Amino acid sequence: MGEQTVPKKKGTAVYLLVGLLILGLIVGFAVGWLAKPSPPSVSPSQICAIQKSKFTNPPPPNQTVTIIYGFDANYPPFTYILPNGTAAGFDVDVMKWIAQKYNWTLVFKPWDWSTIVTALVNGDIDVIMSGMTITAQRSQQVWFSIPYYSYIHEVVTRSDVNLSLEQILNSGQPIAVELGATSDEWATKLLNEGYRFQKLGLDSYTAATEAVLKGTAIAMITDSAFFEPYLRTHPDAAAKLRVVSTLGSYESYAVATRPGDIWLRNQINAALSELMSSPMWDQLLEKWNLK
């Protein structure tokens, strides 16, 4: 009998120890839960990554909407300035059609292409429709509409220059580009890859073409959206120039807006979809030698 009393005391002690351990775990969990840091309070505007902008919401009824239209003054046939000072081109016609559809007032504002994205972000202009390529770098600052035109980059030289693409890119001579354009980015990319030429930055593709014709540049990096219509309207120059090679794959133009201008972008997308599905679209392409 005396030998049976000892195991009962040991069993009681074990049960007590297990109970204390379970109680400790429960208390620790409760303290940890109550003591955990709570998330900081965030306002609804902070939760939304897209900040409100000038055209985030629809304007009040009967209020006149004025859109400041930024464009390159020397990028035919998409946007350019006539001798009488008015804006003209394929993109200008399209933007006028959109404005007429919604009864908007357009204010035409030509802008230096190398700083036009900054002008949009700062509010100096409201839209850019001027043969603007959708790129990852630009998409960090502006948001684009649906694409409306595709093209490919080209390296162009004079017809009497009998050099291959490799020889031109390693010639050490100037290759003309438009500053701030995707041709500028292509030149930088090729230089970073080790090719040996001088980048000649000019203010337009027209100036780059003239540099090649005059021999100031051995070649230029341009795009088919500018160059093909240019050849159709300048037959004398067409006989003196040739495309050496294309660069990369096809890219697309779109209308650039501030990220927060959601209402404006939706209106533009709806109008572009309607126009591109109508016979008017082909008529405009033919009018500007883009088809």
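Keep in mind that the model is predicted.

**Stop one: strand 11.** Select residues 219-223. Five of the five residues here are buried, so the strand is largely enclosed by the rest of the structure. In a regular strand, side chains alternate between the two faces of the sheet. Colour Ala219, Ile221 and Asp223 for one side, then Met220 and Thr222 for the other, and you'll see that both faces are covered.

**Stop two: the neighbours.** To get your bearings, look for Thr157, which stands opposite Ala219. Next, bring in strand 9, residues 174-178. Which way does strand 9 pair with strand 11, parallel or antiparallel? The pairing is parallel, over two bridges. Pick Ala176 here: its bridge partner in strand 11 is Met220.

**Stop three: helix 7.** Select residues 182-192. The buried residues are Thr182, Ser183, Asp184, Trp186, Ala187 and Leu190. An α-helix has 3.6 residues a turn, so residues three or four places apart point the same way. After the helix comes Gly194, with a positive phi near 110 degrees.

**Last stop: the cavity.** The structure holds one cavity of 30 Å³ or more, and the largest cavity has a volume of about 90 Å³. Of its 13 lining residues, show the closest to the centre: Tyr75, Trp113, Gly131, Ala181 and Tyr205. By type, the lining splits into five nonpolar, four polar and four charged residues.

Notes
Residues numbered from 1 in each chain as written. Predicted model: local features only at pLDDT ≥ 70, side-chain atom pairs only at ≥ 80, totals over all residues. Heavy atoms only, no water. Buried < 20%, exposed > 50% of the residue type's maximum accessible area, 1.4 Å probe, protein only. Helix = DSSP H or I, 4+ residues; strand = E, 2+ residues; numbered from the N terminus. Pairing = 2+ DSSP bridges. 1 Å grid on protein atoms, 1.4 Å probe; cavity = no way out; pocket = protein on both sides within 12 Å on 5 of 7 lines; lining within 4 Å. Points joined across faces, edges and corners; volume = space filled by probe spheres on them. Nonpolar A, V, L, I, M, F, W, Y, C, P; charged D, E, K, R; others polar.
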